[in-house]
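Dear colleague,

Please find below the structure that I am handing over to you. My notes on the charged side chains follow it.

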Amino acid sequence: MSVLIATPSRGMTTTQWAMMLRRMSLPANSASMTVTGYRIDFQRNECVRAFLQTSLEWLLFLDDDVFAPPETFDRLSSHGLDVVSGLYYRKGEPIEPLAYVDRGTHLAVPDDFAIGKLVPVDFGGAGCLLIHRRVLETMQTPWFSLAAGDGITASREHTSEDFFFFGNARKAGFKTFVDTGVRCLHVGLGAAELGGAFVPFSMPVPGLAFSCGEIEPWVKKRSEERRVGK
């Protein structure tokens, strides 16, 4: 068992984030790297290229605005899956977990979403994402891309680099999951309440984060409104 911890970064990390990484349970045969100075999809692709030059088994993306629990790698790797993400919430509207299924005309949070479960998804986030090397060796490059109108997502809107990866991983025959038991903090511009409720601020407030919990009723209501076009 071996892993490369890859961190796309804007160039600075907090002491708290560094301590989080230090506390993480990792196998003896592990390594880490940070890439800065490029667009996020370029950063992730550079991490993948560096990873494939090693003999390590797993690539764990852990972004510098994501705080993961110490058991993250142990738990995610224990499933033996090809692609599995930890759980964290979006930092912008709509405030909902980065765990989606494709309904054909729209993306939606899975109906069976609950904390502590392994949930099959079509799309998730790459901020805390474990990938087995066979996936990256099988997929065509680029592995990550900020693409617009490429038809990967049901909405046909601008596609984030992580959605691009999830879509193409599934096209290559791999199943993708989110482990909602790996509850991360996603540092953002807002205030947190226990249980996952998030109140965004209109002005930047550095260093604040929100936690993952059950989807609050108002978040479910917002998701339903989006589905019917309100």
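Is Arg44 buried or exposed? Arg44 is buried, at a relative accessible area of 2%, where buried means under 20% relative accessible area, exposed over 50% and partly exposed in between, computed with a 1.4 Å probe on protein chains only.

Before the remaining findings, a note on their basis. This is a predicted model, in which local features need pLDDT of at least 70 and side-chain atom pairs count only at pLDDT 80 or more, while totals for chains, interfaces and linings use all residues. Residues are numbered from 1 along each chain as its sequence is written, and side-chain values use heavy atoms, with hydrogens and water left out.

Salt bridges

Side chains of opposite charge can pair when their charged atoms come close. A salt bridge is taken here as a side-chain nitrogen of Lys or Arg within 4 Å of a carboxyl oxygen of Asp or Glu. The count by this rule is 11 salt bridges.

One of them joins Asp63 to Arg44, with 2.7 Å from N to O. Asp63 sits in the loop between β3 and β4 and Arg44 in helix α2 (residues 40-52), so this pair ties together parts that are 19 residues apart in sequence. Helices (H or I, at least four residues) and strands (E, at least two) are DSSP runs numbered from the N terminus. Asp63 is buried, at 9% relative accessibility. Through salt bridges with shared partners, Arg44, Asp63 and Glu161 form one network.

A further salt bridge links Asp64 with Arg10 at 2.9 Å, N to O. Asp64 belongs to the loop between β3 (58-62) and β4 (66-67), and Arg10 to the loop between β1 (3-8) and α1 (15-23), so the pair connects parts that are 54 residues apart in sequence. Asp64 is buried at 9% relative accessibility, whereas Arg10 is exposed at 62%.

Arg39 and Asp41 also meet in a salt bridge, at 2.8 Å from N to O. Here Arg39 is partly exposed, at 42% relative accessibility, and Asp41 is buried, at 2%.

Arg133

Arg133 is part of helix α4 (residues 133-138) and is buried, at 14% relative accessibility. Its side chain makes a polar contact with the side chain of Glu137 at 2.9 Å; such a contact is a pair of N or O atoms within 3.5 Å, where within protein one must be able to donate a hydrogen and the other to accept it, and residues adjacent in sequence count only if both atoms are side-chain atoms. The side chain of Arg133 also reaches the backbone oxygen of Thr54, at 3.2 Å. Leaving aside neighbours within four places in sequence, Arg133 is in contact (heavy atoms within 4.5 Å) with residues including Phe51, Leu52 and Leu56.

Yours sincerely
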